Amino acid sequence: MPEIEIDPTTRIEGHHSTTLQVEDGHVTEAKSHIDMFRGMEMVVLDRPPSDAPVFTQRVCGVCFTVHRMSSLLAIENAAKRAGVFGGVPETARQMRNLLERIATLWNHAVHMFALVGPDYSDAVAGTGLDRLDPMEGEGYKRALEAQRELLQGFAEFGGKAPHPLTYAPGGMSATPTAGKLQNIRDQVEFVSDWLGPTDAIPEIIENVRNGEFDADLGEGLHDIVSLLFAAKEAGADDFGVGPGRYYCNGIYPDGDGGREIPAGIYVDGELTHPEKDDITSAIHESTARSWYTDDSGGHPMEESPPKPDPEKEDAYSWGKAPRYDGMNMETGSLARLIVTERDPFDLRATLGGDPTKSSTLNRLIARAQESVLLRDQILDVLDDIEPDSTVNRGWTDDFSGEGVGLWEASRGALSHWVKIEDGTITNYQIITPTLWNLGPRDENGTPSIFEQSVEGMAVEDYENPINVMRTVRSFDPCLACSVHVESPAGTYSEEVTPASPAGVATGGDRPYAGQEVDEQ
Amino acid sequence: MTTADTETKTGTEATTTRRNFLKLVGGVSAGTVITQYSSEVATALEQASNGSKEVVWLQGQTCSACTMSTLQGTSPSLEEAISQFKLDVTFHPEIMAETGEAATEAMSSSPDILMVEGAIPTKIPSAATFGRTEDGHHKPVVDWLLELAPEAEYVMGIGTCACYGGWQSANNGAPAVEDFDEEGPWMDANVTGAKGLQYTHREDDAGVLGPDFTANSGLPVINVPGCMTHPDYVLLTVATLLNGHEPDLDEFNRPKAFYGPLVHDQCSRRGYFDRGEFVEHVGDGSGKCLYNVGCKGPYCHCDDSVRLWNDGTSVCRNVGAPCIGCMEPGFWDRMTPFYDPIEEQGVALTDVETAGKVAVGATAAGLGAHAARKAMGYGDAEPDEQDETESTE
């Protein structure tokens, strides 16, 4: 049986690779390899809780706010339960919600144009969309400029970006002066003008259908809609199909104990909104196929820090396999929109065919829809922040307790788990959205969402499995990740050259929608 | 506070680049090569160079923030730099069009500039891999580095991880708080053996390429640290090198143009420090000196106080955040806890060179000599060894 290996996966954050077993032109088994281990969960041990957000922020320079934020939520949760902390001031809550929205919008812009956009560009896939060509297309260059403006707005409070410093235990460190608020508004409006007005979307869709381009309606949305139509043309509504189970931690606290996007679980067509305790008790991690010792798995609050075992037999990933009540769960923009029952402009219902379908196209559409929602919300919440109001009432590290920070990175559900004894961290665990979406198999052989979603996919051109690459990038993985497409000697000897600029998307590369996972 | 000139933000014309470049080099300290040759370098940017320069950007154990930071450059921007400096980026895992084997085949085997982002794991080489070896195994980044570095004209360490090992090499706290009953890498201080290219955070341990390494240009690895690095530090160092100038380097091979100033000396809150007026806590809105909540400005060298970040938008202290010392080797251990002054001491000496400039004065609650050694030293050496380090450098 031929084996295709794609290594490295480029245009993602981190080291990743994929191995595909292919039989009769279809993927029978996929293995998602996370090819990097650093040991954050060991390095933060034996340090004071207030150091954890600064350290764990450095897990990722693309999700540079969410790890700091989740870590803060975890230690603030522990301090509250220990009775030494009364919560962050109202203005700090609003500033965090604002900055998290800006960061997610920024991430989506970078993802859609720099990371996934080239998959649908003329240079890479012969689609005719030369505006999306890497580094040279007009759309690509405008998006690079827009993301800079957005981060400049972010840096008004962040100090710098990536790796801003303003999120501090107890609230924020930055004072929201009227001048800084105005500067943020100016930058966001620059980006907003680039995107174009929300209510122009139907007209933009018509333009794209007719091959017309009206820059006055917004270059950004035009390019994004063009990308979605190119994905549809490539058949992305029918490939990369996962099980359709979604998990969202909720985000943006509303000040009354709830969250503007609530936690949600969507299984078998049923949507529920679990309490925090329900979520934290449902999560377990498996290290059965991971390069860690067996006792590195279990419940996040009880398991050992990840003890590397690089020679472990049958292991193939530096990622663990998190499961929710034993199930693999998809997480990300699509999950957030499904648990809030939103489908702006019915794009997933019409273009995607079904608003809750787990497909490569729906993941892209959801990110575009969320970008528009975020832009509108950012301009609203900016008005709520009272200049020069209290952002922090102080913090002490001197306590014992446990805490969990449940949050949403732009690419999905993120959680940080901490145990503190007498002001020192004694256990720490991080479960990233990329582990949910692209981790390895668990002890029962259940694959991760990505592994499951490409099994059954048609691979006509072994040298250019572009739809597999489109699918892996549709999850916006963040891990320095690679996809290996390899061929054992004697079976299939071609080397793989996927998604190169010279390559052309194969028209006959039709998906194999809904095919069951075949583990034979 | 902003130094941004909106007129210069979006230009892609050569003249605009020249203006940006001059604006930018005007900010660096006098007497450095970039200042001395600024007009020459700027002129060169306007001229077609002799063919393109091949660049390879490797990622080791990285968070990618240094790549994301480089995307934030405006004077020049990355896309301006690529077109104006005629850079042929033959490999960058995050921005290149190709993937899989096509990506590694596109990589130059003898790049003009090899840039490395992220730490290099040496005890567990498989902790950062990409591509495959001839026998089909995941190829460790350390192998790529050892192949490419001797063939490169210049090698640059991008960010604190590539320069000194980064947080991956910070002290593993597990043995102190866990009851491990079996031996394994989890008992080691540096679990994966993460190192920088020529340095680590320890004086007694060299980086992957060793202390005597020089690239084909004859220069050692040029380090532009920071967590993350500043886009100007990357792109202007490239401009300097491509124009044939040797940047003046400090003891950690950092260009003095950028890493010469002490943050403390250029601090806008310095007046509060000299008067002994400190914040009550982080985020109190007073705008006073942050030393007592852990500011490491007295121990950290870079010019971001005047250069600022994100096209002149802001800097750490402008948002009430104490400096974490992120330009310095081993800051993850030497500058922590982040929100505490080092060893809770009063104002300390900074180093032999700058001690005289520090206004200790009325604010000195005590001269934290040991604290100063911890912050300024190279690695976690004992005080006596530390003194020796300072005197020999």
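The model is predicted: local features need pLDDT of at least 70, side-chain atom pairs count only at pLDDT 80 or more, and totals for chains, interfaces and linings use all residues. Residues are numbered from 1 along each chain as its sequence is written, while chains are lettered from A and ligands numbered from 1 in the order in which they are written.

**Chain A as a whole**

Let's start with the overall fold. Chain A contains 16 helices and 16 strands; helices (H or I, at least four residues) and strands (E, at least two) are DSSP runs, numbered from the N terminus. With a radius of gyration of 22 Å, close to the 24 Å that the globule rule gives for 520 residues, chain A is as compact as a globular protein of that length. That radius is taken over C-alpha atoms, and the rule is 2.2 Å times the number of residues to the power 0.38. Along its principal axes, the C-alpha trace of chain A spans about 65 × 60 × 40 Å.

Of the 520 residues in chain A, 65% are buried. A residue counts as buried if 20 or more other C-beta atoms lie within 10 Å of its own, as exposed if 12 or fewer do, and as partly exposed in between, with C-beta atoms placed from the backbone. Two residues are in contact if their C-beta atoms, placed from the backbone, lie within 7 Å. Among contacts in chain A between residues at least 6 apart in sequence, 71% link residues at least 24 apart.

Helix α4 of chain A covers residues 90-115, and its 26 residues should span 38 Å at 1.5 Å a residue; the end C-alpha atoms are 36 Å apart, which agrees. The expected span is 1.5 Å times one less than the number of residues. Because 24 of the 26 residues of α4(A) are buried, this helix is largely enclosed by the rest of the structure.

**The annotated sites**

In an unreviewed entry, UniProt gives the annotation "binding site" to Cys60(A), Cys63(A) and Cys478(A). These residues span 419 residues in sequence, yet no two of their C-alpha atoms are more than 8.1 Å apart, so they gather at one spot. UniProt positions follow the numbering used here, feature names are shortened, and annotations may be inferred rather than shown by experiment.

Cys60(A) sits in the loop between α2 (52-57) and α3 (66-81) of chain A, and Cys63(A) is in the loop between α2 and α3 of chain A. Leaving out residues up to four places away in sequence, Cys63(A) touches Ala409(A), Ser410(A) and Cys478(A).

For chain B, an unreviewed UniProt entry lists His264(B), Cys267(B), Cys289(B) and Cys295(B) under "binding site". They are spread over 32 residues of sequence but cluster in space, with a largest C-alpha distance of 11.0 Å. His264(B) lies in the loop between α11 (256-259) and α12 (270-275) of chain B, whereas Cys289(B) is in the loop between α12 and α13 (304-307) of chain B.

| Residue | Burial | Other C-beta atoms within 10 Å |
|---|---|---|
| Cys60(A) | buried | 28 |
| Cys63(A) | buried | 28 |
| His264(B) | buried | 25 |
| Cys289(B) | buried | 24 |

**Domains of chain B**

Chain B is divided into domain 1 (6-258) and domain 2 (263-299 + 308-392), with bounds from an automatic or database domain assignment. Their contact takes 17 residues from domain 1 of chain B and 14 residues from domain 2 of chain B.
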